[in-house]
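Here are some notes on the model, as numbered points. Please read them with the structure open.

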Amino acid sequence: MANRRTHIAPFKARARILALLGDQLIGTDQLAVFELVKNAYDADASSVTVKLLDIDSGNPSIVVVDDGEGMSLDTIQNIWLELGNNHREQQRLAGRRTPMFGRLPLGEKGVGRFAVHKLGHRIRLVTRPRGSAFEHVLNIDWADLVKNRHLDDTSVEIETRKPKYFVEENGLNPHGTKIRIMALRRRVWTRGDARQLYRSITAISSPFETDEAFEAHLEVPDHPEWIEEMPDVRALLEMAPWRFKFTFNGSLSWQYDFRSPITKRLKGRQLGRQRDVLLLEPLKGEKGRPVAGPELLEDIGSISGEFVAYDRDRKILSLLPQNTLVKDFLDQQGGVRVYRDGVRVYNYGEPSDDWLQLDIRRVNRPTQRLSRNIVIGAINISLETSKGLREKTNREGFDQNDVFDRLRTIVTSIIHKFEVERALDKDRLKTLVDSKVETTDIPVETPLYELREAVSRTQEAKTLIPLVDRVDKEYQEMRDMLLRAGLTGLNLAVIIHEVERGVRSLYESVRAGVSTVILEQQSRSLMGLVENVAGLLRQKGRSKIDIKSLVQEAATINIRRFKRHRITIKYALPDDGAEPFVVTGSSALLQNVLINLVDNSIYWLRVRWPDGEESDQSSRRIYIGVTDDIPGGRGLVIADNGPGFQDEPDVLSRPFFTRRPDGMGLGLYYASLAMSLSGGTLLFPEREDLDLPDWVDGAIIVMHFGSPK
């Protein structure tokens, strides 16, 4: 007899797996109902109605009725009752569309139908296939089914009968499916529950699109007033001051619209572009990649969408009609949702979901960037082309993979395009409605004291108190240095204002109880702002500086970068023996200015001349030379053949303004401040003002020493 034996054993499934699938795979009642609505879409229905019945009786029920294809006896037996059947996925992969509306099915895992168990213990299903003279009825009591030991021991009785529900009317044979869910797990339904269910059902389609081929409705016969008063979403969207619409298929086409709420004092603004480049927020492992290309859309396909944005500043919000409704609307439905073939993908855009990390992004630049509670957005993708995006089994978003990371990066980068244009008009609007005069006497000490008191009462006190103390110390030193330097005008006002705003923002976050991650990021961002300015001022030792030597030092520092990025540099500096260009200032400060400007040129050259193109080596050029063309003193020109500036000089050097998705918006501001500390000025002359090589057609900046006339 052999010492070793083998045995064959099949997998077995306990009957209770039916309860587990419904109860634990589907997160909420709203999501369970939404899953049933999606099933109606897959059944080629034109409409589905959800009814919340008998809610005052203590024994409520939910009815879902659609006018879809209905199910045959074979479909019920071999598909609907078969756990994990993948016929919908096979139908989609084969490209078989529904006969009436040409839809590809959304379902793919064969477990969505068990959403009914999330809602209640008993169901009654009635279905009549298109063209059939009969309808089929089945009843399921989950409690009875799970009493069986194994799944193989369970069975369901199916009745085939002459139609009693889907009866002939006016010579027409109706078809579809009706599911009644009884013995609900939730016995008490409130006004708030019903309204949330209404939002969930009606959100199946984008609020920006009108899809007459599929409509979802909710009825509450016992309390129709609960949902009759629901605000008109499209009317609220029309009130938004800022709108942005786009399509990205490898290049970006977009339209931006600012609708001024005070048209008599401030004009609106509209602009747009076709086949524009999309500046990219860095992908994981690709920090330096500046431009999005069609390769990013692999397994995603073309992306389109629309955003509207508001402002929750009390003075700006009050300019809108029904502003209280707008505020409530944003609280409940703010965020960016995803729609595939026009049908929503949960959980994106829900109050608990920040899939684009908008709130964290806004920590660094709270006035320029969008948060979830001021934006409503819809992202549209195709089911046929987005094969790399697979929904999680629990129906809460897509699997986290490379394809999803690319989708998120593309959408975030497009949002940045919107944010830049909105910031320009927001500043114009805020200037008109805000009567408060900014002064240099801003009492930062008071909010710092209040912040320290608030932080000391939180669980994060040990982490945050040292950061607050460092901000306080650096701020005091920075203020003293600015005052000693005589910079009590705009520079001091702007810096102190930004510090005060950051302190206030952090204080409000502490009071609101936001997450530790966001609190720490806000604290470190605020500390970074103060330390950077203080560090800039500490380097203010003044001495004689030869500009030619300064440029040569910068060239040595950047020589490898120029080679790596295939950039040709043209220098036009004083020859040996010629009169040197000598200035008095801080060598460290001026070196930082020059390197900062070169950094900007390298980035924007890679935008205009993308990596990998055969022409990039000969096309990317930077010019650095001395000029006497500006009256009042000599200057050092840094110019290139990149895309050039889109904005006015006063905007370019504004703190926290940038068109770079990965930028902080402080580079040119600090460069301008450093030039001021060195007795110079940062200028943005016109191309015709200077004698430059013919190929210079991009950005032109002059580090000017003297007073331009």
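Where is Asp54 found?

1. Asp54 is found in the loop between β1 (47-53) and β2 (61-66). Helices (H or I, at least four residues) and strands (E, at least two) are DSSP runs, numbered from the N terminus. Asp54 is not a glycine, yet its phi is positive, about 55°. Its relative accessibility is 35%, so Asp54 counts as partly exposed. The scale is: buried under 20% relative accessible area, exposed over 50%, partly exposed in between (1.4 Å probe, protein chains only).

2. On provenance: this is a predicted model, where local features need pLDDT of at least 70 and side-chain atom pairs count only at pLDDT 80 or more, while totals for chains, interfaces and linings use all residues. Residues are numbered from 1 along each chain as its sequence is written, and side-chain values use heavy atoms, with hydrogens and water left out.

3. Asp341 also needs a look. It has a positive phi of about 55° and is not a glycine. Asp341 sits in the loop between β12 and β13. With 26% relative accessibility, Asp341 counts as partly exposed.

4. Check the peptide bond between Tyr346 and Asn347. It is cis, with omega about 20°. Asn347 lies in the loop between β13 and α12 (358-364). For context, most residues other than glycine have a negative phi, and most peptide bonds are trans.

5. Next, the sheet. An open sheet is formed by 7 strands, ordered β10-β9-β8-β11-β14-β12-β13, with mixed pairing. Two strands pair if DSSP finds at least two bridges between them. At the edges are β10 (269-276) and β13 (343-345), each pairing on one side only. On average, neighbouring strands of this sheet are turned by 15° against each other, direction ignored.

6. Within the sheet, β11 (residues 303-309) pairs with β14 (residues 375-381) in the antiparallel sense, over 6 bridges. Gly305 has Ile379 in β14 as its bridge partner. Helix α11 (residues 323-333) packs on the sheet and touches β12 (335-340) and β14. The direction of α11 makes about 45° with that of β14. Contact means heavy atoms within 4.5 Å.

7. How do α19 and α22 cross? The axes of α19 (residues 587-608) and α22 (residues 667-677) come within 9 Å, at a crossing angle of roughly 150°. Axes are lines fitted to C-alpha atoms, for helices over the stretch in contact; angles run from 0 to 180 degrees between N-to-C directions. The two helices α19 and α22 are therefore roughly antiparallel. The cut-offs are under 35 degrees for roughly parallel, over 145 for roughly antiparallel, 65 to 115 for roughly perpendicular, and oblique for the rest. The crossing of α19 past α22 is left-handed. That means the near helix is turned anticlockwise from the far one by less than a right angle; clockwise is right-handed.

8. Leu589, Leu590, Val593, Asn596, Leu597 and Asn600 of α19 meet Gly667, Leu668, Ala671, Ala674, Met675 and Leu677 of α22. This contact has 9 nonpolar, 3 polar and no charged residues. Ala, Val, Leu, Ile, Met, Phe, Trp, Tyr, Cys and Pro count as nonpolar, Asp, Glu, Lys and Arg as charged, and the others, Gly among them, as polar.

9. Finally, α2 (residues 29-42) and α7 (residues 191-202). Their axes come within 9 Å and cross at roughly 40°, so α2 and α7 are oblique to each other. This crossing is right-handed. Gln30, Val33 and Phe34 of α2 contact Asp193, Gln196, Leu197, Ser200 and Ile201 of α7. By class, the contact of α2 with α7 has 4 nonpolar, 3 polar and 1 charged.
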